Amino acid sequence: MSRPPLSEDLLRLLRELPDMDEELYIESMTRPLPETFRVNTLKLPEETIIGFLAERGWEVEKLPWARHGYRVVRCEREDPGATLPHLLGLIYIQGPMSMVPVEALDPRPGEKVLDLCAAPGSKSTQIAQLMENIGVLVANDASSERIKPLISNLQRWGAMNCVVTLKDGRYFGKRMRETFDRVLCDVPCSSLGIVMKDWAAARDYSSGMTERVRALQLSLLLSAYDASVPGGRIVYSTCTIHPLENEWVVTELLRRRDDAMVLRFEPEGLRTRRPLEEWRGMRFDPEVTKCFKCYPYDNAAEGFFVALIRKGEGR
Ligand SMILES: C[S@@+](CC[C@H](N)C(=O)[O-])C[C@H]1O[C@@H](n2cnc3c(N)ncnc32)[C@H](O)[C@@H]1O
């Protein structure tokens with residue numbers, strides 16, 4: 001296979017990261033992601049769906065870090081997304097690391113939950129499932145184009161407790177303060193952890209992109225934080241490896257909201273690496289070392305960063 005294209009800025013970034021193995025990162029770009037999915041327990045019991053898949057010739061393996069998550073060992077056809085179980089909404093094809101943020105959020109039935117950047121809905125469907133369709137999930141996105149697949153995915157999944165909104169996520173922290181028990185803030189990012197899905201992200205990456213997006217990421221996280229009730233949980237996640245979109249954003253939240261606490265979260269069966277405490281002469285808050293971080297070659301999957309944050313109870 002040919003060597004994937006990497007922009008000059010990405011090559012420079014890889015060399016500047018003290019814990020990065022450049023060759024392994026580039027090699028990971030040529031390895032397809034494992035096919036993984038969640039079983040829809042809103043529709044049928046898990047064993048019934050697994051039995052139905054087995055009858056159709058599927059062989060699957062449980063993922064230890066995600067309730068209802070599985071890896072495809074053998075499938076009835078090459079593309080699991082083009083099968084009847086998928087079209088019926090009995091399964092949802094979702095990347096293995098993409099299931100981690102909602103496991104950290106751990107939504108419960110009866111709660112009020114906000115998914116601030118929800119389209120196309122992988123994590124909203126996972127939230128509705130863990131809520132057992134009880135309580136209220138507000139699934140928001142700012143893109144009118146991406147709202148369409150969000151709605152159809154929620155419908156196919158049978159999520160009944162959702163309100164879909166088309167708003168800039170910064171609205172919620174201002175107009176719906178202290179409203180939600182849990183808030184997921186899965187922000188737009190440079191996508192440098194999922195370059196195996198799309199080489200263009202590596203070819204077109206520029207450091208200017210990170211400069212632009214990190215201000216938006218921080219304002220979305222502040223909005224998520226302000227929309228949470230005192231004592232609520234907020235999860236911040238990205239699919240990038242860039243410290244300015246990860247460690248820096250969480251450090252800034254801790255600086256600007258002095259009752260914010262980072263909680264440790266260790267998903268079972270995954271290799272995680274210690275977030276950086278300093279980089280390019282910048283010092284990050286030592287609390288960021290409690291976050292989950294992995295590079296694409298750590299688990300033969302996507303690179304992801306997940307911060308689990310608890311809002312103080314107030315004084
Ligand atoms: C990483 S994707 C979210 C993926 C989604 N959580 C999932 O699991 O399917 C980031 C999303 O943020 C949305 N977005 C970008 N700017 C936004 C803003 N200011 N407010 C809310 N959403 C925004 C994008 O349209 C995009 O759908």
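Predicted model: local features only at pLDDT ≥ 70, side-chain atom pairs only at ≥ 80, totals over all residues.

Visitor: Which residues come nearest to the ligand?

Guide: A residue is near a molecule if one of its heavy atoms lies within 4 Å of it. There are 21 residues around the ligand, and Cys117, Asp141, Arg146, Gly169 and Asp186 come nearest.

Visitor: Which polar backbone atom is 2.7 Å from a nitrogen atom of the ligand?

Guide: A polar contact is a pair of N or O atoms within 3.5 Å. The backbone atom belongs to Gly169. Ligand oxygen atoms also lie 2.6 Å from a side-chain N or O atom of Asp141 and 2.9 Å from one of Lys123.

Visitor: How is the volume of the largest pocket to be read, and what is it?

Guide: A volume is the space filled by probe spheres set on the grid points, which are joined across faces, edges and corners. On a 1 Å grid over the protein atoms alone, a pocket is an open set of points where a 1.4 Å probe fits, with protein on both sides within 12 Å along at least five of seven lines; lining residues have an atom within 4 Å of a point. Here the volume is about 900 Å³. Of the 41 lining residues, Ala119, Pro120, Lys123, Arg146 and Asp186 are the closest to the centre.

Terms used: Residues numbered from 1 in each chain as written. Heavy atoms only, no water. Polar contact = N/O pair within 3.5 Å; in protein donor to acceptor, adjacent residues only side chain to side chain.
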